Amino acid sequence: MNKIVNLREEIFSKINESLKHKTLILICGLSGSGKSVLLQRLAKYHDIDYIDEIFSDEKEFKDIVKKRKKDVLILDEVGMYEEKILELIRIYSDQMSFILSSHKKIDLFEKDYFKSRFEAIFWLEKLNIKELHQYIQLKFNIDFSHKAMKIIMKFYKGNLRYVDKMLKSFCELNLYFKNTKSQDYVLKLCALENGFLK
């Protein structure tokens with residue numbers, strides 16, 4: 001299920017406002033915090049490329065910059081990039097906009113000559129129960145009871161990948177049981193099947 005969902009509306013709006021001029025934006029958050037979901041939505045909204053490739057070759061990166069559709073590049077997981085590629089991003093940020101994401105702090109970004117380039121840095125926290133419920137409704141078209149949402153929150157642990165994995169199983173098991181079992185029961189089976197229950 002690779003459906004684009006509306007998540008982190010406030011951040012989405014602020015980034016869109018910033019993209020009216022050249023900008024460098026960083027989105028940070030732990031693995032599974034929704035960085036990629038947000039970046040994919042921005043890419044679709046602006047009809048630009050979402051790039052989750054890890055670059056180590058300068059020529060390859062320069063080629064991507066030249067081939068871009070618009071004056072914006074969205075790069076996921078830049079924490080895995082080599083320093084020379086990050087330096088290229090800093091240099092190119094005079095000519096175009098970049099939206100970057102990283103699950104870890106990058107020491108280079110803390111240096112004054114780089115830090116001053118960022119228009120905004122966003123840290124994605126765990127979704128609260130209401131936000132997670134909305135995410136599930138939009139992505140899976142399932143309306144869980146409050147009790148079921150508490151079960152999901154228990155296994156969520158701030159990682160949307162866990163939720164996606166669990167709800168993929170939920171859809172399959174619910175179909176198998178022909179919707180005859182309670183949401184709570186099926187969710188617990190899914191948690192067991194995916195190794196969330198020991």
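# Legends to the close-up views

**View A. The bridge partner of Ile 51 is Leu 75 in β3.** Strands β2 and β3 run parallel and are joined by two bridges; two strands count as paired if DSSP finds at least two bridges between them. Strands (E, at least two residues) and helices (H or I, at least four residues) are DSSP runs, numbered from the N terminus. The model is predicted: local features need pLDDT of at least 70 and side-chain atom pairs count only at pLDDT 80 or more, while totals for chains, interfaces and linings use all residues. Residues are numbered from 1 along each chain as its sequence is written, and side-chain values use heavy atoms, with hydrogens and water left out.

**View C. An open sheet is formed by five strands.** The strand order is β2-β3-β4-β1-β5, and the pairing is parallel. At the edges are β2 (50–51) and β5 (120–124), each of which pairs on one side only. Four bridges connect β3 (residues 72–75) with β4 (residues 97–102) in the parallel sense, and Ile 74 stands opposite Ile 99 of β4. From β3, Val 72 and Ile 74 point one way, whereas Leu 73 and Leu 75 point the other way; all are buried. The term buried denotes a relative accessible area under 20%, exposed one over 50%, and partly exposed anything in between (1.4 Å probe, protein chains only). In a regular strand the side chains alternate between the two faces of the sheet.

**View D. Strand β1 pairs with β4 and with β5.** Parallel pairing over five bridges links β1 to β4, and within β4 the bridge partner of Ile 27 is Ser 101. Strand β1 (residues 24–29) also pairs with β5 in the parallel sense over five bridges. There, Leu 26 stands opposite Ile 121 of β5, and Cys 28 has Trp 123 as its bridge partner in that strand. Both faces of β1 are covered, with Leu 24, Leu 26 and Cys 28 buried on one side and Ile 25, Ile 27 and Gly 29 buried on the other. In β5, by contrast, Ala 120, Phe 122 and Leu 124 make up a covered face, while Ile 121 and Trp 123 make up an uncovered one.

**View E. The largest nonpolar core has 27 residues.** A nonpolar core is a set of buried Ala, Val, Leu, Ile, Met, Phe, Trp, Tyr and Cys residues joined through side-chain atoms within 4.5 Å. The members that touch the most others are Leu 132, Tyr 135, Ile 136, Phe 144, Ile 152, Leu 167 and Leu 187. At least two residues of this core come from each of α6 (129–140), α7 (146–156), α8 (160–176) and α9 (183–193). Another core, of 24 residues, lies apart from it and includes Val 65, Val 78, Ile 85 and Met 96.

**View F. Helix α8 packs with α6 and crosses α9.** The axes of α6 and α8 are 12 Å apart, and the helices pack at an angle of about 50°. Helix α6 is therefore oblique to α8. Angles under 35 degrees count as roughly parallel, over 145 as roughly antiparallel, 65 to 115 as roughly perpendicular and the rest as oblique. Axes are lines fitted to C-alpha atoms, for helices over the stretch in contact, with angles running from 0 to 180 degrees between N-to-C directions. The crossing of α6 and α8 is right-handed. This hand applies if the near helix is turned clockwise from the far one by less than a right angle, and left-handed applies if anticlockwise. For α8 and α9, the axes come within 9 Å and cross at roughly 125°, and the two helices are therefore oblique to each other. This crossing of α8 past α9 is right-handed.
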